Amino acid sequence: MNRQGSLKFRADAARAIADTSLHIALKKATGTFSSRRAEAVSSVEDFESLREQASSIRQNVLDNMKSYLEMFTSNAEKAGASVHHAVDAAAARRTVADILSSRGAKRVVKGKSMVCREIQLGEYIEKQGMEVVETAFGEYIVQLEKGSPSHIIVPDIHKDRKQIGSLFAEKLGVEYSEDPRDLAKTAGKVLREKFLTADAGISGANFAIAESGSLVIFTNEGNGRMVATMPPLHIAVVSIEKLLPLMKDLPVFMRLLPRSATGQEMTSYMSIITGSRKAGEPTGAKELHIVLVDNGRSEILSDECREILKCIKCGACINVCPVYRTIGGHTYGGTYPGPMGIILTVLLTGLAKSHHLVDASTFCGACDEVCPVKIPLVELIHKLRVRRVAEGFSPVKEKLGMRVFEAAARSPFLFSSGEGLAKIFWPVLSSLGGEDIAGRLPDPVKMPFRRRME
């Protein structure tokens with residue numbers, strides 16, 4: 001399911017809430033990541049200072065995006081890469097497909113990339129007659145089941161090992177096992193042959209260094225490094241906000257990103273790729289193409305919610321969000337779930353297609369507390385809610401109900417009278433409200449709070 005913002009959010013959420021196995025998988029995974037993050041963060045004395053530095057660096061990128069894009073393009077090309085600028089998803093897909101077709105590519109191995117999901121690159125390439133193989137373990141599982149990811153860091157977070165074991169037995173014809181080591185070995189055996197015979201590799205990048213034209217890729221499985229170095233052709237698809245000005249900025253994010261994403265002090269593999277393979281170098285792609293994707297981000301730069309582009313896609317806000325932890329990622333109906341996903345999806349697709357997503361927050365503030373680049377996520381979601389009302393996407397009954405409540409809340413007499421009447425007429429009001437307004441609210445309390453304090 002990839003509707004890029006779904007007007008069926010409430011119905012999908014109701015179904016997810018009823019899925020017991022989903023709850024168990026989400027609770028275990030997000031709970032583990034959150035506790036590991038807390039432990040990893042506690043070992044860093046200057047963590048808040050690092051957050052301030054990271055926020056400042058990312059803000060600098062937003063304020064000077066054009067100049068850093070020009071710097072990165074120039075330096076990447078000097079290092080031997082070919083850089084392409086894609087204004088939207090269609091242009092990015094065509095650019096990648098044309099490069100692959102002109103080189104006669106038939107099999108493509110692919111690393112995990114959210115922007116590739118966003119522009120639906122894999123599906124497009126397959127329609128051109130090429131085989132596309134996801135090589136990250138979680139993405140490979142999702143591809144086997146012909147599904148979609150439900151988390152930006154752990155795509156298969158919604159599945160347990162029994163489900164994965166059954167999937168492998170069905171799709172790969174192997175003996176059933178739910179042992180994680182057996183499952184990893186099975187996937188590794190299949191993917192090894194794909195790597196050895198691939199004509200091209202496609203990756204994303206966590207960061208792009210303007211100063212040197214370098215790409216930085218963090219992975220825990222090593223597949224990202226293999227995608228970028230084993231095939232003769234490497235295509236990196238990178239959204240334009242991934243820039244960092246200088247190489248000396250990278251250590252700040254090396255300390256922040258792994259701790260925020262998976263609770264590790266450092267990911268297993270960090271690759272810095274600068275240009276194509278040089279004479280005498282034993283590894284690396286012989287040909288490197290970098291596709292810089294805008295796809296609406298230039299418009300977001302001039303929006304009041306532009307700070308969302310500071311996001312480094314760590315997933316920390318997703319892991320602590322009580323809404324996500326209840327309904328999972330598929331309910332959001334697009335590429336990006338959780339608090340950051342609400343904002344980014346609405347800005348990329350427009351309120352008309354995704355205005356229901358702004359309801360997917362309790363405003364508890366947990367996401368603000370864990371964001372490594374200090375994005376004011378709650379504030380941005382609130383701005384989108386205000387915009388939804390101003391642009392007329394709130395139901396008429398909801399607007400009317402809020403006006404009545406406002407009038408009552410301004411008058412102690414009316415408010416007190418309303419509390420008394422609510423006990424009598426609440427069943428009627430609930431039936432009229434249905435699933436959209438009063439039907440989703442709790443029953444009135446028998447004793448109002450202020451009377452308890454008398």
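1. Accessible areas here come from the Shrake-Rupley method with a 1.4 Å probe, and for residues only the protein chains shown count as cover. On that basis the protein chain has about 21200 Å² of accessible surface, and 56% of this belongs to carbon and sulfur atoms.

2. A quick word on what you're looking at: this is a predicted model, where local features need pLDDT of at least 70, side-chain atom pairs count only at pLDDT 80 or more, and totals for chains, interfaces and linings use all residues. Residues are numbered from 1 along each chain as its sequence is written, and side-chain values use heavy atoms, with hydrogens and water left out.

3. Now the overall build. The C-alpha trace spans about 85 × 55 × 45 Å along its principal axes. Of the 454 residues, 52% count as buried (under 20% relative accessible area, 1.4 Å probe, protein chains only).

4. The protein chain has 22 helices and 10 strands (DSSP runs numbered from the N terminus: helices are H or I, at least four residues; strands are E, at least two).

5. Look for the open sheet: 6 strands in the order S1-S10-S7-S4-S2-S3, with parallel pairing. Two strands pair if DSSP finds at least two bridges between them. At the edges sit S1 (82–86) and S3 (131–134), each pairing on one side only.

6. Inside that order, S4 (residues 200–203) and S7 (residues 233–239) pair in the parallel sense over 4 bridges. Ala200 stands opposite Leu233 in S7.

Technical notes. Buried < 20%, exposed > 50% of the residue type's maximum accessible area, 1.4 Å probe, protein only.
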